[in-house]
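Please read them with the structure open.

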Amino acid sequence: MIPDNSSVTEKSSSAVLKCCSAVLETLARIGDKWSVMTIMQLAGGPRGFNEIRRMIGHISQRMLTLTLRKLERDGLVTRTVYPTTPPRVSYELTELGHSLRDPLDTLGAWVAKNQHQVENARHEFDQRISE
C-alpha cells in the first residue's frame, strides 16, 4: 500500500505559510521607509532624537517617535535617558539592529544597480496601459 503523503504535504505547506507570514509581518514592520532610514542613520552610532530628525529630513516629530518606539519594541534600537537637565535621550542600534545593516546595504546596492531597468519597465508598462 502506498503511504498517504497528503498529511506531510499539508504540514510542509502549513510551515511554509507560517514562515511566509512571519517574513511578511517582519518586512511590514521594519521595511517601511522611515524605519530603514532611521536604522541607516543609527548605523553610525548613537544619536539624539533631533539629530536623527535633521539627518532624515521631512519626517514629523510624531512619525519619528512612532518609528523609534516600534524599532525599540522589536529589539532593534535601545533608548537611553541621561539624568541631566533637561534630560538627554539617545538612540542606538542593538546587535540585532546592526545585523540588519548588511541586508539593507545589499538591497540598496540592488536598487542602485537596477533602478534604471525598473524605471524603463514602468515606463513601458504605462505606455501599454495608456494605449
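The points below cover helix packing and then the aromatic rings.

1. The model is predicted: local features need pLDDT of at least 70, side-chain atom pairs count only at pLDDT 80 or more, and totals for chains, interfaces and linings use all residues. Residues are numbered from 1 along each chain as its sequence is written, and side-chain values use heavy atoms, with hydrogens and water left out.

2. Helix H2 spans residues 33–42 and packs on H3 at an angle of about 115°, the axes being 10 Å apart. H2 is therefore roughly perpendicular to H3 (angles of 65 to 115 degrees count so; under 35 is roughly parallel, over 145 roughly antiparallel, the rest oblique). Helices are DSSP runs (H or I, at least four residues), numbered from the N terminus. Axes are lines fitted to C-alpha atoms over the stretch in contact, and angles run from 0 to 180 degrees between N-to-C directions.

3. On the H2 side of this contact (heavy atoms within 4.5 Å) are Trp 34, Met 37, Thr 38, Gln 41 and Leu 42; H3 supplies Ile 52, Met 55 and Ile 56. Six of these residues are nonpolar, two are polar and none is charged. For the classes, Ala, Val, Leu, Ile, Met, Phe, Trp, Tyr, Cys and Pro count as nonpolar, Asp, Glu, Lys and Arg as charged, and the others, Gly among them, as polar.

4. H3 (residues 49–56) also packs against H4 (residues 61–73), at about 110° and with 11 Å between the axes. H3 and H4 are therefore roughly perpendicular. Phe 49, Ile 52, Arg 53 and Ile 56 of H3 touch Gln 61, Leu 64, Thr 65 and Leu 68 of H4. The contact of H3 with H4 counts five nonpolar, two polar and one charged residue.

5. H2 and H4 pack at about 75°, with axes 10 Å apart, and are therefore roughly perpendicular to each other. Trp 34, Ser 35, Thr 38, Ile 39 and Leu 42 of H2 meet Met 63, Leu 64, Thr 67, Leu 68, Lys 70 and Leu 71 of H4. Seven residues of the contact of H2 with H4 are nonpolar, three polar and one charged.

6. How many aromatic pairs does the structure hold? The count is zero, taking rings of Phe, Tyr and Trp (its six-membered ring) as paired if their centres lie within 6.5 Å.

7. The charged end of Arg 88 sits over the ring of Tyr 82, 4.0 Å from the ring centre. The criterion is NZ of Lys or CZ of Arg within 6 Å of the ring centre and within 35 degrees of the ring normal.

Conventions
Phe/Tyr/Trp six-rings, centres within 6.5 Å; stacked < 30°, edge-to-face > 60°. Helix = DSSP H or I, 4+ residues; strand = E, 2+ residues; numbered from the N terminus.
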